[in-house]
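Here's a quick tour for anyone meeting this structure for the first time. Take a look at the sequence and the model, then read on.

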Amino acid sequence: MGPTLPASDGRTKASPTCGGDLGATQNTKLDTIQQMVDDGKPYAALAEMDALGVNTPRLALLRADAWRKVGRLAEARTLYTGLLGSCLEGRALHGLGLLAAQGGELRDALERLLQARQRLPTDAVVRSDLGYALMLDKQWEAARFEMLTALDLSPNDPKPARNLVLLAWLEGEPDLARRLADKFNLPPETRERLAKQAAQLANATPRGPAGLKPAATPAAGQNAAPPEPVAPIPPLTPPASEAS
């Protein structure tokens, strides 16, 4: 599995206290690299970072995001961890949460994303990803709150809208899911994909901190049975649809 980041929203842009002013030319290059990462071109972004020849917290975060997207998880984790306690700690916690989800550790993902929300309460991407993780944990009301918050914070981002439709399907409310899809003007192919995704999620078994099924899954008093293969945790955000 591989959680994906949304389209560019500028959430990794540096503040005046986050690496200083690099000058108009280099700041423009950083914006271009940000766009590459957000547009799903991590290899090109990494090449441009190598050519830039600077080292700032924002660049470290961009590099970590790119490493995560190309599957270099150890390198990404090292960079995210190095940003803890910095001006970009909230972004780093968000990245660590996505890495935990990518490794199938829902509990750790939730912990990191909750920490990211504490530091970035108005970040729509963090709220959206946290809502999705809560939905995977079947915390329906908490998930809905985060999704609605993300939608209010970023009305033009289609992901919170799609997540709300997906949540309705998972709660067994197909009529509500269809009404929400109408409200958000989701195209037919997106509606079909979300319905199929809900069915897949309903059959998936999230893993706990040690990669095991949740303790509540087996019925009390049952004899121990050989462990079954555990389904991977799905991405924290649904894949981008045609409406993105």
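## Ground rules

Contact here means heavy atoms within 4.5 Å. Helices (H or I, at least four residues) and strands (E, at least two) are DSSP runs, numbered from the N terminus.

This is a predicted model, where local features need pLDDT of at least 70, side-chain atom pairs count only at pLDDT 80 or more, and totals for chains, interfaces and linings use all residues. Residues are numbered from 1 along each chain as its sequence is written, and side-chain values use heavy atoms, with hydrogens and water left out.

## The whole chain

The chain has 11 helices and zero strands. Of its 244 residues, 44% count as buried (under 20% relative accessible area; exposed is over 50%, partly exposed is in between, with a 1.4 Å probe and protein chains only). If you take the contacts with a separation of 6 or more, 60% of them come from residues 24 or more positions apart.

## A pair of helices: α5 and α6

Helix α5 (residues 89–102) and helix α6 (residues 106–119) have axes that come within 8 Å and cross at roughly 160 degrees. Axes are lines fitted to C-alpha atoms, for helices over the stretch in contact, and angles run from 0 to 180 degrees between N-to-C directions. So α5 and α6 are roughly antiparallel to each other (the label for angles over 145 degrees).

Who meets whom? On the α5 side, the residues include Leu93, His94 and Leu96, and on the α6 side they include Arg112, Leu113 and Gln115. The residues of this contact split into seven nonpolar, four polar and four charged. Ala, Val, Leu, Ile, Met, Phe, Trp, Tyr, Cys and Pro count as nonpolar, Asp, Glu, Lys and Arg as charged, and the others, Gly among them, as polar.

## A covered helix: α3

Helix α3 (residues 57–69) is mostly covered, with 11 of its 13 residues buried. Among those buried are Leu59, Leu61, Leu62 and Trp67. The buried residues of α3 pack against α1 (24–38), α2 (42–52), α4 (73–82) and α5. After α3 comes Gly71, with a positive phi near 90 degrees.

Most residues other than glycine have a negative phi. Lys138, in the loop between α7 (124–136) and α8 (140–153), has a positive phi of about 65 degrees. Lys138 is exposed, at 60% relative accessible area.

Asn185 sits in the loop between α10 (174–183) and α11 (188–203), and its phi is positive too, near 55 degrees. Asn185 is exposed, with a relative accessible area of 64%.

Methods. Angles under 35 degrees count as roughly parallel, over 145 as roughly antiparallel, 65 to 115 as roughly perpendicular and the rest as oblique.
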